[in-house]
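Student: I'd like to learn how to read helix packing from a model. Could you walk me through it?

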Amino acid sequence: MSLLTRLRARYHYWLGLAHRSRGNRALAESAYHDAIGEFTQAILLDPRLTGAHFARGVVYWRELNDYERAIRDFSRVIELDPAIADAHLNRGLARVFGRLDTREDAVTDFEEYLRRGKNGYWRIEAENQLARLRAAR
């Protein structure tokens, strides 16, 4: 892949982040769709750009409630780089909030986040989610 292609991919990635920020400030759903479009363009240019897959997954689940697409994006991040702890956490949260019948998969995601993740706040959230999932069995 050429340097120019990688730069173009990152340009679209940064535009996507700007659109998401605009959507968060204005609560404008159209901005989230613009962000999805830019992240998708970045991925088309550089399919290994984990940041674009991750950011698109976040928009899908947090802003658009499209949990299945979010899970696909977080899964792709994990395929590309399993060490990205936040992908495990967010995939688990998307499974829980989407009420998808993947309880054991969510448990695995939260356990993996606890093995890899360093952020104290999100570690507590992962532990809380695990406790809820285990209590519901």
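This is a predicted model: local features need pLDDT of at least 70, side-chain atom pairs count only at pLDDT 80 or more; totals for chains, interfaces and linings use all residues.

Student: How do helix 3 and helix 4 cross, and within what distance do their axes come?

Tutor: Axes are lines fitted to C-alpha atoms, for helices over the stretch in contact, and angles run from 0 to 180 degrees between N-to-C directions. The helices themselves (H or I, at least four residues) are DSSP runs, numbered from the N terminus. Here the axes of helix 3 (residues 50-63) and helix 4 come within 8 Å, crossing at roughly 160°. Helix 3 and helix 4 are therefore roughly antiparallel; the cut-offs are under 35 degrees for roughly parallel, over 145 for roughly antiparallel, 65 to 115 for roughly perpendicular, and oblique for the rest. The crossing of helix 3 and helix 4 is left-handed, meaning the near helix is turned anticlockwise from the far one by less than a right angle, where clockwise would be right-handed.

Student: Which residues make that contact?

Tutor: Contact means heavy atoms within 4.5 Å. From helix 3 come Thr50, His53, Phe54, Arg56, Gly57, Val58, Tyr60 and Trp61, and from helix 4 Tyr67, Arg69, Ala70, Asp73, Phe74, Arg76, Val77 and Leu80. By class, the contact of helix 3 with helix 4 holds 9 nonpolar, 3 polar and 4 charged residues. For the classes, Ala, Val, Leu, Ile, Met, Phe, Trp, Tyr, Cys and Pro count as nonpolar, Asp, Glu, Lys and Arg as charged, and the others, Gly among them, as polar.

Student: Let's zoom in on Phe74. Is Phe74 buried or exposed?

Tutor: Buried means under 20% relative accessible area, exposed over 50%, and partly exposed in between (1.4 Å probe, protein chains only). Phe74 has a relative accessible area of 0%, so Phe74 is buried. Phe74 sits in helix 4 (residues 67-80). Leaving out residues up to four places away in sequence, Phe74 touches Phe54, Gly57, Val58, Trp61, Ala87, Asn90 and Arg91. Its C-alpha atom is separated by 9.4 Å from that of Gly92, 18 residues apart along the chain.

Student: And what does His53 touch?

Tutor: His53 is a helix 3 residue, and at 5% relative accessibility His53 counts as buried. Neighbours within four places in sequence aside, His53 is in contact with Ile43, Pro47, Asp73, Arg76, Val77 and Leu80.

Student: How do helix 2 and helix 3 cross?

Tutor: The axes of helix 2 and helix 3 come within 9 Å and cross at roughly 155°. Helix 2 and helix 3 are therefore roughly antiparallel, and their crossing is left-handed. On the helix 2 side, the contact is made by Tyr32, Ile36, Phe39, Thr40, Ala42 and Ile43; on the helix 3 side, by Ala52, His53, Ala55, Arg56, Val59, Tyr60 and Glu63. Those residues of helix 2 and helix 3 divide into 9 nonpolar, 2 polar and 2 charged.

Student: At what angle do helix 1 and helix 3 pack?

Tutor: Their angle is about 20°, with the axes of helix 1 and helix 3 10 Å apart. That makes helix 1 roughly parallel to helix 3. The crossing of helix 1 and helix 3 is left-handed. Tyr13, Leu17, Arg20 and Asn24 in helix 1 meet Gly51, Ala52, Ala55, Val58, Val59, Arg62 and Glu63 in helix 3.

Student: Which residues touch the most other members of the largest nonpolar core?

Tutor: A nonpolar core is a set of buried Ala, Val, Leu, Ile, Met, Phe, Trp, Tyr and Cys residues joined through side-chain atoms within 4.5 Å. The largest one has 33 residues, and Tyr13, Trp61 and Phe110 touch the most other members. The largest share of this core, 7 residues, comes from helix 2.

Student: Last one: where is Leu27?

Tutor: Leu27 is in the loop between helix 1 and helix 2. Phi of Leu27 is near 50°, a positive value in a residue other than glycine. At 73% relative accessibility, Leu27 counts as exposed.

Conventions: Residues are numbered from 1 along each chain as its sequence is written. Side-chain values use heavy atoms; hydrogens and water are left out. Helices (H or I, at least four residues) and strands (E, at least two) are DSSP runs, numbered from the N terminus.
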